[in-house]
Amino acid sequence: MRILDFIRRKLHRLQPRPGDATRVRCCDNDEANWGKGYGHEALELALGFAFRELNLYRVQLTVFGYNERAIALYKTAGFQREGVYREFMQRDGQRYDLHLFGLLRREWEALNREMP
């Protein structure tokens with residue numbers, strides 16, 4: 001699965017110290033894969049690796065405001081919207097905001113304790 005390999009490669013290139021923070025990027029531009037849960041599974045695996053194996057304190061990401069599917073995925077995973085870079089990018093004659101999301105280890109742990 002390409003998306004899982006992409007995330008694994010990105011996380012393995014990190015050399016964080018315990019308690020550090022990092023950014024993660026999760027994307028699959030192949031529409032044939034949309035709606036099958038691959039993104040959710042990949043993000044959960046990446047977060048588990050980041051918090052359990054790398055012992056990170058925080059994971060953050062950015063996403064453009066037009067990417068509603070990704071925003072919904074990140075919120076489901078527990079990410080909190082922390083900020084907005086207003087009118088950050090122009091695409092097809094329209095300006096779009098760039099949203100900053102963050103997830104702390106304690107928030108991720110609380111969500112994962114509640115899950116069966």
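Here is a tour in a few stops, starting with the whole chain and then going residue by residue.

**Before you click**

This is a predicted model, in which local features need pLDDT of at least 70 and side-chain atom pairs count only at pLDDT 80 or more, while totals for chains, interfaces and linings use all residues. Residues are numbered from 1 along each chain as its sequence is written, and side-chain values use heavy atoms, with hydrogens and water left out.

**Stop 1: the whole chain**

Color by secondary structure. You'll find four helices and four strands in the protein chain. Helices (H or I, at least four residues) and strands (E, at least two) are DSSP runs, numbered from the N terminus. Follow the chain along its sequence and the pattern reads α-β-α-β-α-β-β-α.

Of the 116 residues, 32% count as buried. Buried means under 20% relative accessible area, exposed means over 50%, and partly exposed is in between, with a 1.4 Å probe and protein chains only. Now for contacts, meaning heavy atoms within 4.5 Å: among those in the chain with a separation of 6 or more, 66% come from residues 24 or more positions apart.

**Stop 2: two helices side by side**

Select residues 38-53, which is helix α2, and residues 68-76, which is helix α3. Two packed helices are described by the angle between their axes and the distance between the axes. At what angle do α2 and α3 pack? The angle is about 45°, and the axes are 10 Å apart. The axes are lines fitted to C-alpha atoms, for helices over the stretch in contact, and angles run from 0 to 180 degrees between N-to-C directions.

That makes α2 and α3 oblique to each other. The cut-offs: under 35 degrees is roughly parallel, over 145 roughly antiparallel, 65 to 115 roughly perpendicular, and the rest oblique. Show side chains for the contact: α2 brings G39, H40 and L43, and α3 brings L73, Y74 and T76. By class, this contact has three nonpolar, three polar and no charged residues. Here Ala, Val, Leu, Ile, Met, Phe, Trp, Tyr, Cys and Pro count as nonpolar, Asp, Glu, Lys and Arg as charged, and the others, Gly among them, as polar.

**Stop 3: N55 in its loop**

Next, select N55, in the loop between α2 and β2. Most residues other than glycine have a negative phi. N55 isn't a glycine, yet it has a positive phi of about 55°. N55 is partly exposed, with a relative accessible area of 32%.

N55 and R105 are 50 residues apart in sequence, but 8.6 Å apart in space, C-alpha to C-alpha. Their side chains make a polar contact of 2.6 Å. A polar contact is a pair of N or O atoms within 3.5 Å; within protein, one must be able to donate a hydrogen and the other to accept it, and residues adjacent in sequence count only if both atoms are side-chain atoms.

**Stop 4: R58 in β2**

Move on to strand β2, residues 58-64, and pick R58. Is R58 buried or exposed? R58 is buried, with a relative accessible area of 17%. Which side chains does it touch? The R58 side chain makes a polar contact of 3.0 Å with that of Q60, and another of 2.5 Å with the side chain of E82.

**Stop 5: along β3**

Strand β3 covers residues 80-91, with F88 in it. F88 is partly exposed, at a relative accessible area of 48%. Leaving aside neighbours within four places in sequence, F88 is in contact with F64, R95, Y96, D97 and L98. Also in β3 is E87, whose phi is near 45°, a positive value in a residue other than glycine.

**Stop 6: H99 in β4**

Now select H99, in strand β4, residues 94-104. H99 is buried, with a relative accessible area of 10%. A polar contact of 2.6 Å joins its side chain to that of R81. Beyond four places in sequence, the contacts of H99 include L61, T62, V63, I71 and V84.

**Last stop: E109 in α4**

Finish at E109, in helix α4, residues 105-114. E109 is partly exposed, with a relative accessible area of 33%. Select G78 too: E109 and G78 are 31 residues apart in sequence, and their C-alpha atoms are 10.0 Å apart in space.
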